[in-house]
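This report describes selected features of one protein model. Please consult the sequence and the structure below while reading.

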Amino acid sequence: MSDKKLEDATPPGEPAVEILDRRIWIDGCFDFFHHGHAGAIVQARQLGDELYVGIHSDESILENKGPTVMTLQERTAAVEACRWVTKSVPYAPYVTSLPWISHYGCKYVVHGDDITSDSSGEDCYRFVKAAGRFKVVKRTPSISTTDLVGRMLLCTRTHFIKSLSRFLAGEEGSGTESERRAEGAALTERMRLYASDETGKRPGPGVWFWMASIEAREDHTEEEKGLFSCLCQGSQPKPGQRVAYVDGGFDLFSSGHIEFLRQVLKAEEKIGQDEGWYRTEAVQERVGKGGDYGPVFVVAGVHDDEVINRWKGVNYPIMNIYERGLCVLQCKYVNSVIFGAPFTPTRAYLTSTPWGTPDAVYHGPTSFMPLSYDPYTAPKVMGIYREIGEHEYSGVNAGQIVQRILKSRDMYEERQRVKGVKDIGEEAQKRREKMEEEQRLKEKVNAA
């Protein structure tokens, strides 16, 4: 397409609105949404009062960059669940157009400090830059879609974190002691940033760590209260709110996880409706005390890397606990996150949380976890277990996403080679096959 046509691209069939200095635009592919995407989005949100997020179509990404892993519908669901997003705009042009962003009333376009080019090798932001309507934010280091695809194809485990608290303290990891401490401090500060409210400037969700023995974290044989510690206190349950607990690996945080969390809110809203939460006088009372709020406070527990790998094997999780936890933390359906939560929420654990015993423990359909026992026996006995049934994204999990990559392995390997990723090929495939066979044998032993 000519530069003139690209520059003049406008959205079809929608009325234009007034251009506002504080309405910001950011766009991208957002393929299996990771914390690098969230990092750009929160920085963009801090520059204004509203944030519109453009999402490129599958076809335009294929033409300019290569194949997507997730569909446009799945990618849009991930963007819409981000706490700092005001409005999502699917089918945004790959080369950002001034008439397009002006049509939505956005004065400035924000992007990271890396270069994004179209299929002709030209800067995708050349038109907004020329108009003086471009702002730069820092790119989040050490995470990208290319990195994640590489982990899947190469079947590596070097991204695992043994102890997140020690890692953040600079006591684990690579480099010198001073380098590790500097990196840990930077990662901790990023965690605080993601624990912000919808403005990106005020405290939002809480961040907690749970420490206990490996037996208590990965199995059901130990009843340990463990030790809870707090990084960010964040918001707390408000009067009348029920506390709902969810847990999981949340690997490659995707539409399956997001829709599950959304369904938890819907289930609790239904309970609230039945109990009179939305009666006019009840709403007026809450507003009179400082503002209305929903009927539920959602706490999400995120499992350690070694815990997930014990059950899933191969090189799962593809994202480490820090990366997975930040994905959960940025989601608007979550009010607090517990890093290092146990695989089995025992009575001792559930009754010892900083919010007391939760009113409900929710779980969804498990299709990618070879279990040899029921991890939810305790909440069932306690009468607080609730289940979310099948939904349109039930089958979207880390296993399915990896299979999408492997099904088109040649295409993705070529994409990785173009980006300079080495060691892609037959040896990596053999390594995966060996790991998968080891996991099958382990599952047979567990079943026996």
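On a 1 Å grid over the protein atoms alone, a cavity is a set of points where a 1.4 Å probe fits but cannot get out; points are joined across faces, edges and corners, and a volume is the space filled by probe spheres set on the points. The model is predicted: local features need pLDDT of at least 70, side-chain atom pairs count only at pLDDT 80 or more, and totals for chains, interfaces and linings use all residues. Residues are numbered from 1 along each chain as its sequence is written, and side-chain values use heavy atoms, with hydrogens and water left out.

The largest cavity has a volume of about 50 Å³. Its lining (residues with an atom within 4 Å of a point) consists of F30, D31, F32, F33, M70, E74, R75, A78, F253, S254 and S255. Helix 4 (residues 72–80) supplies the largest share, 3 residues; helices (H or I, at least four residues) and strands (E, at least two) are DSSP runs, numbered from the N terminus. Domain 1 (20–140) and domain 2 (193–266 + 295–396) each contribute at least three residues to this lining, the bounds coming from an automatic or database domain assignment.

By class, the lining of the largest cavity comprises 6 nonpolar, 2 polar and 3 charged residues. Here Ala, Val, Leu, Ile, Met, Phe, Trp, Tyr, Cys and Pro count as nonpolar, Asp, Glu, Lys and Arg as charged, and the others, Gly among them, as polar.

## The largest pocket

A pocket is an open set of points with protein on both sides within 12 Å along at least five of seven lines. The largest pocket has a volume of about 800 Å³. It is lined by 34 residues, of which K65, H111, D114, T116 and R139 are the closest to its centre. Two or more lining residues come from each of strand 1 (20–28), helix 2, strand 4 (106–112) and helix 7 (145–154). The lining of the largest pocket divides into 9 nonpolar, 17 polar and 8 charged residues.

## Packing of helix 2 and helix 9

H35, A38, G39 and V42 in helix 2 meet R190, L193 and Y194 in helix 9, where contact means heavy atoms within 4.5 Å. The residues of this contact are 4 nonpolar, 2 polar and 1 charged.

## Loop features

F30, which belongs to the lining of the largest cavity, lies in the loop between strand 1 and helix 2. F30 has a positive phi of about 55 degrees although it is not a glycine.

The peptide bond from Y316 to P317 is cis, with omega near 5 degrees. P317 is in the loop between helix 13 (305–312) and helix 14 (321–329).

S352 occupies the loop between helix 15 (347–350) and strand 11 (360–363). Leaving aside neighbours within four places in sequence, S352 is in contact with K225 and F228. S352 and G226 are 126 residues apart in sequence, yet 8.3 Å apart in space, C-alpha to C-alpha.
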